[in-house]
Structure formats: structure tokens, C-alpha cells
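Please keep the sequence and the model in view while reading.

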Amino acid sequence: MSPIESSSSWTLESDLEDLDIDLQDYGPSIPLKKVPNGDIFEASRAGDVDRLRYLLETGVNVNARDRWDSVALYYACLAGHIDAARMLLENGAICSEHTFDGDRCHYASLNLRIRKLLKAFEARPPPLAPLQASLRETFLGCFHNRAYLKQASVANIDVSVSVDEMGSSNYFPPDVVFFVQGRPIEAHRVILSARSPFFKQKFESEWKDRREVRFSKEKLSYPALCSLIHFFYSDRLEISVDDMEDLERICKVCKCESLQRIIEKELIHQKYAEYKTHRDLDNSMKRFILQGISLPEEDRLPASLHRILRVSLAKPFADTSGDSLNSSVGDKRVSDSVDSLADVCVKVDKRTFYCHQVILASRSEYFRARLSRVNDFHEGKNDLPGDCLPALEEHDLSAEAFEKMIEYMYTDGLKEINPNQAEEIFDVASRYLLFPLKRAVADALLPHLETATPAELCHWLVLSDMYGVLKIREYCLDLVACNFEAFVETREFRAMLLTLPPPSGDSSLRTTAPSAPGAMMTTDQGNLLDDLREKWLEAEALELDMRDESALIFDKRLRMLVEMAEQEKSESEAED
Amino acid sequence: MSNQKKRNFQIEAFKHRVVVDPKYADKTWQILERAIHQIYNQDASGLSFEELYRNAYNMVLHKFGEKLYTGFIATMTAHLKEKSKLIEAAQGGSFLEELNKKWNEHNKALEMIRDILMYMDRTYIESTKKPHVHPMGLSLWRDNVVHFPKIHARLLNTLLDLVQKERTGEVIDRGLMRNVIKMFMDLGESVYQDDFEKPFLEASSEFYKVESQEFIESCDCGDYLKKAEKRLTEEIDRVAHYLDAKSEDKITSVVEKEMIANHMQRLVHMENSGLVNMLLNDKYDDLGRMYSLFRRVTNGLVTVRDVMTLHLREMGKQLVTDPEKSKDPVEFVQRLLDERDKYDKIISTAFGNDKTFQNALNSSFEYFINLNARSPEFISLFVDDKLRKGLKGIAEVDVEVVLDKVMMLFRYLQEKDVFEKYYKQHLAKRLLSGKTVSDDAERSLIVKLKTECGYQFTSKLEGMFTDMKTSEDTMRGFYGSHPELSEGPTLIVQVLTTGSWPTQPAVPCNLPAEVSVLCEKFRSFYLGTHTGRRLSWQTNMGTADIKAVFGKGQKHELNVSTFQMCVLMLFNNADRLSYKEIEQATEIPASDLKRCLQSLACVKGKNVIKKEPMSKDIGEEDSFFVNDKFTSKFYKVKIGTVVAQKETEPEKQETRQRVEEDRKPQIEAAIVRIMKSRKILDHNNIIAEVTKQLQPRFLANPTEIKKRIESLIERDFLERDNTDRKLYRYLA
């Protein structure tokens, strides 16, 4: 999923509503210039929203600086293009206080409205994508890593997750602990290996069997390493400028080359920025924030995990012809999994997947419970020899669907989806409580529905109702309501009616009053036919005082259809 | 769309055909119900988590969430009902253990069930807004076990009994206790508060009410406080061990109220062991305990402080007004200092240097020191004593300590100008007679006075020091320009600036010829270097060293005053002189002459002259001759003048009058200063402001201020307002 999609649903109207400034006052007096060939800076300066959208969709770095040392957001603020500024902010442009770029944008803002926009985004930085967010919670869920959070909040760095939110529920035990300057950092091998060749090599050799690694070098600073590891988990780097030199050194050792390059550039930049700021006036700690999208695609978290996943899946599939689960997985030595660091294998429909506990547990509550609390159940009793991987067996789903899901878990990405598979993936996503996946599948599925037949739509309607995929359900209901007569003609629609609970006769559920324009439908899904009736009434746009009668007519119609369907059913059964 | 695809989309093609089976829900639920039973019977090892979860998931998916939810509640309720019967059946001591055991089992089972029903927890319960599985399990436990009528009261009584037992010294199982209390806390704050904390506090209150009554009848104050402190630490310890940390404040406040607040007055005023007794006997431990305990209750410290202040004032009053004790000024001041040290130590060791207590101490001292009008004089005398001899052989640091203490007393004085007056006199005497022990000490005291009262206060004192310094230089210059004078008598002149020194009427006297020649020479030398000045000789303040040879050739050096020198020199030319002759020759005023002769003739062992008739007093008709038989063990003999160290009554009156006289211009200056800025002010406000402005020096008397205002009106500085007679106007 691209970062644009992940944050597009997130708007800020509520924060700006209290601004009672007439928009007309701030609108440009001359029409906006179009810069069809401009780069992101030109587009921002000109306020050319279309060009900007195109550029952002192609994945340019919103926080890049031009040769005048300015970011795109700076130009948008300076020129007062609020739509361009908002678009940049929604795509992760940094405007936090005490960062060089953030402060600069604040000072440069043309008017109050822009500044208010910046303030609103500063208080609420763009949310992380689900993968990054859940891994970050896992990292911060480790007891000792809370110290980082505290230190961060002392240093006035935005912490979007408050400490109370993280009960023990996000806890997944770390498998390695570093001690730097006497302070512990808890981490998970697979994440570090995925992000840094240095850690990968170390975990394969020297640190293979160690649970604790103590760094005695005085030069290695705790805040810098902690920030880096936090970055490994969350793709968001927040560090005070004073620690950046340490971080650069660490990056060099860890062979995080692209990050190191950025830090180096930033260090040179900060050196000169020093002259521009009034350091004496502002004692608060300067900091630097980096979003993952500033890195080349292959160095971001999803890509790194994707590589890890490829390695794990590339293993020869175990031939599970043997009846006993134990015999089939018991011989898979830990040594086999060294190169991918897999620490669990999941057997699905005769195929075995090598996976990483920390990622399964971070993404899915089901797996977290399964991996950490199953000891009391039957599964906990597999007395595997010490060097064997723990094995899980999942029934009632196909290996293909599971593979898709695993891929989503690791990368947040969903490659082209076959509508045939969608149903199964809905099932997997609900079953493993992976709700973002359902939304992702729905987004991928919607274009396919445009060409679907009424019969297919009925099918999707039932499915989406069952799995609670609101987007699809709404879409189908709208289609059915608008083309009600066409659907009535299809046998499948009538058959579907048979499987659904009848509409409630309770008229109080019905909105007889006209709904306010643009008012949201209640997100709680109720009776499918009730909702269909509402949609139908809306689509028919009947007179208001006729609504009750029309509803009755609709119900009568439905009853007739059901009768017809029953008749058809008994006929077909008779044929059989 | 291909045909094949179409086939996939058949409604009948659902993967889960279960909907078709009407008994599906019942069957699945039966599986799950059996699983829950097994989990409760700790027999879950045969169950597959994956399978159970899948079943629960499918039930919810096919809209049987309601059935699952109600089924889960019903099953759990049934189990808990059974458990509560088992718990109830437990006998005596095993009751709590049984409860705890069942509670742990329930918790574990609940966790497992929650994991199995996780999908329901996340979707069905979320959308129907029912309580989640875990809180539901807890509230089921609460309703079916804790609030089960036969358990509820028994549980509470058992717990309170255990606490009672521990209070009376028995050892109880704190671990078990902690677990059970933890159960209450897990069930929610309100459960803990209503079902345990409230009755616990009530029982504690009752217990301590009885106990404190018992103690107060049988113990003295110190012991009582010890016991109260012990109880308090016990309760805090109890909270730390097995109660909720939030209960600490509540239970301590119960103990404080019952043990301390309710008996506060009685404790403080306890006969023979109360606060006054502790203060008198320096019982630092007891006092410290009292402070830390009373601090916890409202008005506790106020009570202690009030009693202490009252005691201090009473004691101070006795000390200050006792005529016996004010006989010796040095002793008097020393006593004050000792008292102050004692209370300082009490406050610093027992009362944690509490500011309010220090303030109370200061105000008490201020109160009673000013009860005795002679305090300023006594303090000055004390300083005089210390600076004359007392500080010999004491390290510099200690000198500072003594001076600091004196300054502290000085701060309490309201009539600082009276002190200044005396201090000036005493300083002048010390300087002129060369009696100061340490110049540094003198100067450091002046610096202290300066920081306390400002430049004005000490400028004259400092002038005195400069005079001494310049006189030394002048004398060196004088002898440098008159080298022939190294033979014969040496004259040392101290030139004193008028005004800086305490003035005494210059008493002229005829100096002996040898001396007056020298004086003349000095006068012409001095006036030669400093034109426009006037010198007058203060013969009453000088001293002289004279060498005398007595009858049998005994040689002595006599240290005498100038007057005495004049008298003695007369005997160089005459063997016997009458009083009249002496008076004529020297022209010393009668009173001084009498005193001077008295010291020469009447002091035993130092009577260098004899008089006829031999009597104590000097009469007009007496005659004098040299005492040839004078002997002394020492070569140098100091013949002191008979002077009263302490002022006599008339002298006191005189000083008083001079002080009053000095105050007048100060009051007037203050009035003018105030009126200049205010222009118009009414009478009461003037009085208030003047008093405030003069506070650092003395307490101005309102009637005196009124007189000064009238005098200023007479001199056209002020006028009364024409309409409002109480209003004054400043006339520029």
C-alpha cells in the first residue's frame, strides 16, 4: 500500500472549522499558474495541486530539499497555497517544532490559516501505516524500551502513542537485549537483520546463541542507538540534533547506507543551519525527524521484510504426507532457518510456512495469543526437542490465501488480487483479526465489481455483510437499490433473499425524517434488508409523507419475492 | 467474465455450508460449552486452541454471536455458582485459602476463554457495545461469589479479624491476605472501596478510639507519642504489604484523627510531661516525635507553636523583669543568649528548622526583650565587656559567632537608637583609653550594624575610627617637625571630630606648665597644617603616665587620668595642699575634683596621697600630702577613677532625655519626607507611615509625632486643611 493511500482517509476539517475566516479573502486574485513540467518545489510554489498530486503519487520525497535548502512545504506556506500545503502535510511533510524545516515553515507562513494548519498537523503527525504502527507498538511494548519513550517525551519529541495505551497486551517477548552505556534496549533479531546487514551477519555468527549483547564502547550512545532501532521498527526517525553524529557513526557500522547518506547530508546542513538559528534564544533541543518515505523504496521497512519473507518462503516445502505433525516438522532443525531467522513454522493445507513469531504476533492478536498463551491447550504439549522450531497447524483455509495474508503481514502490500481469492482472503483476514487487510482487499476489489453481473453482486453483498466489509457492502447495496427492478428479475437475487433474515417490521428503525444532506450512515451494520429498504427509498426519492407507505410496498414486494424463491427452490429440488 | 467464474459465484457455492445445517449453531456451541467445562476442570490439555477458536469464529461469522455470548455467560455463571458453594463449605481458616485458590483458577480459565472467544470480543461485542469477555468474567465472579450472601459478610469479617489479630501482635499469613485484597482491586476500584476499604476504615477508627483512650489514661505524653508513632508506621507497613497504595492516606488519617487530633490539647498540656516539660528538659526525641506527628493533623503545629510561644513569653518576662537578674548586665545578656541557643537547637533538631517556629521564637524574644527599657544599654555593655577583655584568646571564628548572636538580640530591639547612643559612649571610652582588644572585631561589628541598619547608623562610629587613625599620623608629623621634644614629657593628642563623638561639656582646667607648653606647640603645629579649625582640649577624657619617686626611693609609674595628673603635679612644688588650694590651682569642677581626689587618696593599696582627716569622703576643709609610705608589688600602678560602669539613675535619665532630643529631628525629617511625596495626608496615615519609616531605628511615640507635626505647622512646613481639620497639607 503506498503511503498516499494510507493517509488519504485522514482529514483535518474538524480542526479548521473553528477558523471563521472568509475563504474568499485568502483566495488568489488571479488564477493559479499551472506548471505541467515542474518539480515538486515548483508545483508547491505555484500551488498546482494536480501536478503535485501526480508527483506525490509517483513517490517523490516530500521532505527533500532543493538547492536553496528549502522543502516543498516551505514554498507552499510562503506562497499561501493552503491546498498544496495540506496535500504535502497529509503525505508526511515534516512541520514539527524544533526541527529546522518545521520552524522555517512556521515563520514563513503567509497567513494565520496556514499557520493553523501547520499547528494542527504538528499536534498530530501523519499516522504510520498499519505495519509500521504495529511493529512500533511491539517495540515500545517491551518494558525497557519505555525508557526511550520517556526520554523522547522529555526531549519534547512528539510521541503519538501514550504510555497508558500500551498495556501488556502489545507485549511480545524480545529475543535479544542490548546493553549500551549500561542501559538495556530490547529488540527482535529478525527486524534488525532485515534492516541492517551488520546485524544480520552478527546474528548468524557471533551472537547466534546470545540473548544479551553488551556494548562496552563508550562512544556508542544510548539515545542514538535507541533511535535507530526505533527507526528499524517504525520507519520513523526522531532524534535530537546533538545525537546525530553518533547516529551517523552507528549507521556506518550497521551498513545502513542510504540512511547514513541522508544523515551525513543533514549534518552538513545542520552545521550551516547553526548560523541561521538563534541558538541562545531557543534552549529547547533541536531535533531531526525523518519519514521512511525519504529513503529509497528498497530501504524501507516493507521492502526489507519482504526480502526476509522471500527467503523464508523459498525453503523447500515440507512434504507432509506423513500423518503425524510432529514427525513432519520435528526434523526441521533450527539450523535450517539460520539464514532467514524463522522461528516458527505454520502448516496450512499440506504446506509449511516458515515465519517469524514477532511479526505474526505484532500483526495479529490471534497469533499473539496463540504463540504466547497456548501452553494450557493441546498445542502447548508438543514436546519438541530443543532445537526444533515450534509448529502451528491451521485448518480450514488454503495455502494460497495464507500466503497472501503472510505477504500482507510482512509488507503491508497486496499484489494484484484475483476476485476468486478475495472471499478467502476476507475469511482469513477476519479470522486472524487482520482488519486492515480487509480494507485493502476491498479497495483492490472495487474496480472489479464495476463489471460484475447481478448474480455476482448478490454474492458479494452476502459476503461483505458476513465479513463486515462496509465499503463493498455499501457499494453493492447502492447498486441493488438503484437497479432494483433488474435484480428482481434474477434468480440469484431471489435465492439470496431466502438466506437472509427477514426485514424487521419495526418502523422505529426506519428513518422517516429526511436525513440531513451528507449525514453519515451509521457504521454499525444492521439487518441487510432493512438497509436495502433505506437505500431503495432514497434511490426512488419518493415524497416524504409517502415514505411509510412506500416502505410497506417494498416489504410486500420482498415477501412476494421470497415466496417465489421458495417455489423455485422446491422445484429445483424436485428436479434433482 | 468466464463461465467458470460465474459458477464460483453461485450462492450455493459458499465455502461454509454450515448455514444450511439448522443444528449447526447448537452443535458448535456444544463443543465450545464442553471446552469451557473442561477448562474449568483444569483439563484443557486435550483441547485444541486452533479448533476452538475456529469454531467460535464461525459462530460469530454466521451471526450466532448472541447465542455464543449468552451461552458463555450462562455457562460461566453456573460454574461460579458451584464454586461459591464449594468456597462456602470450606471450614474456618481454610476459607480464605479456598477462595484464593478458586479465584486463581477462575482467572486462568477466564484468560483462556477470552483467547478462544477473541473474535467475538473484537467484532460482535464491539458492535453491540456489550461488556467485553474479561470484565464480564470479573463481574460474574463479583456477583456470584464475592456478593454471594453467605460469602460476602463472612469474607469481610474474616479479613477484618485477621487485621485485628495482626494489630494485637499475632502473625498472620500476609501473602494470602495480599492475594485476597488484590482480588478486590482487580474487581474494580468501587468493589475494593465498598466491600473492603470502607468497613476496614470504620473498624480501624473504632479500634484506635478505644486504644487511644486507654493509652492516654495510662501513659505520659512521651510514651503516648511513641505508641502513636509505632501504630502509624504499622499501618503504613500494612498498606505496603497487602493493601492498595491509595488506602495509605485514608488509614493514616484515621489513625491521626483518633490518636492525635482528638487528644491534641490534652497531650500538649499534660502535667509533668507535656510540651513545656519537654522544652524545659531539652527532650529532643520527644519533641521531634511530637512535631512529626502533629504536623499530620490540621492545627496540630499551631497548637504546639502557641503553647511554645506562651511558655517562652512567660519565661522571658520573668527573666527580663527580675530586678535581681538585671543587676549584672553581662550576665543578663548571657542568659538571653543561652535561652536563645537552647530554643534554636530545639527548633533545628526537633522541629526540622520549621520557619513558622523560628518566627514564633523571634516574635517572643522581641516581645520580652523590649519589656525591659534597659535592654539596649545592657546589650551595649555586654558588647563592651566582650570587646574589652572577653575576647582575649578566642579564635576569630568564635568572635564572629559571639558578635552574630549579639546582632541577633540587637535585631529584636525596638529602640535601636538608644543602643546606638550607648554603644557610641562605650566605644569612645574603649578607643580613648586604648582598651579595645581587637580592631578587627570592632570593625566587623560595625559592618554588621551597617548591613542591619544602613550607612546612617554607623557613619559616626566609623568617623570615630578614622579620627583615631588620623590622630596617629598627626602625632607622627608633630614629633617629626619638633625633634627637640624627644626629651621631656611626651604628649599624645587625639583629635576628635565634633559630632562624631559623644559630646560632653568641655571642662577647662589648668594644666601643669610642662604640659601646657607642649599643648601650645601642638596647637600651633596643628592649626598650621589645618587652617580654619578650632581645637579645644577635652581634659576630662585624657590619661597620663607619670613617674613618681616616693619617700624611701620607691620608683613607680602611675597611670592616671588628666585631672589626677594635674593634682599630682602640684605636689612637685608643695608638700601639703588644702582642698581649696588644689581647686584654685587646677580649676577642675568640684564634682570631678572630688572624685579624682577620692581615687587618689581613699582607695586602699593605691593611695599615693594621704589626706587629713582620714575619712571616706572628700570635704572642703581637707588637706592632702604625698604618701611617702606608698608601696606596691608592681612598678606600674594604675589608679582608676571612681566611675560607675552602669549608669546611675540621673545619668540614665539624662541619656534618655538626649535620646528623646535626638529623635525629634528624625521624626520631623520623616514627616517632611512623607508629606513631600504625598502632599495631602490625614493624621492617622501620617502616624502610621512615620512609625513604619522609623521602625528600623526606634518605635516612635504617637504623641511625640503629633507634637512634631504641630511644630512643623508653626514653622510653616505644613498646614491644616481648612475644611477637614484632620487633613494636613505640605507647603513647598
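Is B:Phe49 buried or exposed? At 1% relative accessibility, B:Phe49 is buried, because the cut-off for that class is under 20%. The model is a predicted one.

**Aromatic pairs**

Counted over all chains, the structure has 48 aromatic pairs. One of them joins A:Phe41 and A:Tyr75 in an edge-to-face arrangement. Their centres are 6.3 Å apart, and the planes make an angle of 75°. A:Phe41 belongs to helix α4 (residues 40-46) of chain A, and A:Tyr75 to helix α6 (residues 72-79) of chain A. The pair therefore ties together parts 34 residues apart in sequence. A:Phe41 is buried at 14% relative accessible area. A:Tyr75 is buried too, at 9%.

B:Phe49 pairs with B:Tyr53. The planes of these two rings meet at 35°, so the pair counts as tilted; the centres lie 6.2 Å apart. Both residues sit in helix α3 (residues 49-61) of chain B. They are four residues apart, about one turn of the helix. B:Tyr53 is buried, with 0% relative accessibility.

Chain A also holds an aromatic cluster. Its members are A:Phe178, A:Phe198, A:Phe199, A:Phe203, A:Trp207, A:Phe215 and A:Phe232.

**Charges over rings**

Two arginines of chain A lie over aromatic faces.

| Charged residue | Ring | Distance from ring centre |
|---|---|---|
| A:Arg45 | A:Tyr75 | 5.8 Å |
| A:Arg214 | A:Phe179 | 4.1 Å |

**A strand residue in chain B**

B:Val560 is part of strand β2 (residues 555-561) of chain B. Its relative accessibility is 1%, so B:Val560 counts as buried. Which residues does B:Val560 touch, leaving out those up to four places away in sequence? They are B:Thr543, B:Ala544, B:Ile546, B:Met565, B:Leu568 and B:Ile639. B:Ile639 is 79 residues from B:Val560 along the chain, yet their C-alpha atoms are separated by 5.4 Å.

**A helix in chain B**

Helix α20 of chain B covers residues 396-412, 17 residues in total. From first to last C-alpha the helix reaches 25 Å. That is close to the 24 Å expected at 1.5 Å a residue. Its buried residues are B:Val399, B:Leu403, B:Val406, B:Met407, B:Met408, B:Leu409, B:Phe410 and B:Tyr412.

Conventions. Residues numbered from 1 in each chain as written. Chains lettered and ligands numbered in written order. Predicted model: local features only at pLDDT ≥ 70, side-chain atom pairs only at ≥ 80, totals over all residues. Heavy atoms only, no water. Helix = DSSP H or I, 4+ residues; strand = E, 2+ residues; numbered from the N terminus. Expected span 1.5 Å × (residues − 1). Buried < 20%, exposed > 50% of the residue type's maximum accessible area, 1.4 Å probe, protein only. Contact = heavy atoms within 4.5 Å. Phe/Tyr/Trp six-rings, centres within 6.5 Å; stacked < 30°, edge-to-face > 60°. Lys NZ or Arg CZ within 6 Å of the ring centre and 35° of its normal.
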